[in-house]
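Hello,

Here is the structure I promised to pass on. Please open it first, then read my notes below with the model beside you.

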Amino acid sequence: MMIRLRDVNGLAGKLRRMSAVRFEAVVKKSMAQIYQRAQLNSKQGGIGTPIDSGELRASLSMQGDVVGYAKTYAPHVEYGHRTRGGGYVKGQRFLKKNVDKQRPVFKRDIIEQIRRA
């Protein structure tokens with residue numbers, strides 16, 4: 001018995017493109033869900049962006065597969081910071097909690113796309 005494969009490079013290219021499109025779709029879906037969750041507050045069921053003046057949440061943006069905050073103080077709220085008086089304000093880890101909540105959804109979506117292939 002003999003199996004002859006023709007146009008293996010063409011097939012490989014098609015599979016690669018198909019996989020890339022599916023992967024990109026899963027990434028965009030996950031980023032959209034992270035963005036939507038960041039817009040909610042804890043009373044609305046979201047992990048949400050901490051609100052003091054509302055500026056941080058207003059600076060939230062999503063461009064392609066990137067979700068982030070434009071305010072320069074966002075990392076200080078996320079990770080914590082020292083105060084002028086020598087104290088320390090603990091970080092709220094709002095973005096990390098959001099990403100952690102999305103992780104199993106992302107994994108499930110990737111596995112589903114692999115099964116479809």
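**What I found**

The chain has four helices and four strands. Please keep in mind that this is a predicted model. Read along the sequence, the order is α-α-β-β-α-β-β-α.

**The chain as a whole**

The chain has 117 residues, and 25% of them count as buried. Its accessible surface comes to about 8900 Å². Carbon and sulfur atoms hold 55% of that surface. Residues 24 or more positions apart account for 44% of them.

**A hairpin**

Look at strands β1 (residues 60-63) and β2 (residues 66-69). They run antiparallel, and four bridges join them. Leu 60 stands opposite Tyr 69 in β2. Two residues sit between the strands of this hairpin. Gly 64 takes a positive phi there, near 65 degrees.

**Salt bridges**

Some background first. Side chains of opposite charge can pair when their charged atoms come close. How many salt bridges does a search of the whole structure find? It finds four.

Start with Asp 109 and Lys 29. They form a salt bridge, with the closest N and O atoms 2.7 Å apart. This pair links distant parts of the chain: Asp 109 is in helix α4, Lys 29 is in helix α1 (residues 8-39), and they are 80 residues apart. Is Asp 109 buried or exposed? Asp 109 counts as buried because its relative accessibility is 7%, and the cut-off for buried is under 20%. Lys 29 has 36% relative accessibility, so Lys 29 counts as partly exposed.

Next come Lys 71 and Glu 55. Their salt bridge has its closest N and O atoms 3.5 Å apart. Lys 71 lies in the loop between β2 and α3 (74-79), and Glu 55 lies in helix α2 (residues 55-58), so the pair ties together parts that are 16 residues apart in sequence. Lys 71 is partly exposed, with a relative accessible area of 30%. Glu 55 is partly exposed too, at 41%.

Now go to helix α4. The side chains of Asp 100 and Arg 103 meet in a salt bridge, 2.7 Å from N to O. Both residues lie in α4, three residues apart, which is about one turn of the helix. Asp 100 has a relative accessibility of 28%, so Asp 100 counts as partly exposed. There is also a network here: salt bridges link Lys 96, Asp 100 and Arg 103.

**A buried glutamine**

Stay in helix α4 (residues 94-116), where you will find Gln 102. Gln 102 is buried, because its relative accessible area is 2%, and buried means under 20%. Which residues does Gln 102 touch, not counting those up to four places away in sequence? They are Ser 30, Gln 33, Ile 34 and Arg 37. With Ser 30 there is also a polar contact: the two side chains are joined at 3.3 Å.

**Where to look**

- Leu 60 and Tyr 69, opposite each other.
- Gly 64, with its positive phi.
- Asp 109 and Lys 29, joined by a salt bridge.
- Gln 102 and Ser 30, joined by a polar contact.

Best wishes

Key:
Residues are numbered from 1 along each chain as its sequence is written. This is a predicted model: local features need pLDDT of at least 70, side-chain atom pairs count only at pLDDT 80 or more; totals for chains, interfaces and linings use all residues. Side-chain values use heavy atoms; hydrogens and water are left out. Buried means under 20% relative accessible area, exposed over 50%, partly exposed in between (1.4 Å probe, protein chains only). A polar contact is a pair of N or O atoms within 3.5 Å; within protein, one must be able to donate a hydrogen and the other to accept it, and residues adjacent in sequence count only if both atoms are side-chain atoms. Contact means heavy atoms within 4.5 Å. Two strands pair if DSSP finds at least two bridges between them. Accessible areas come from the Shrake-Rupley method with a 1.4 Å probe; for residues, only the protein chains shown count as cover.
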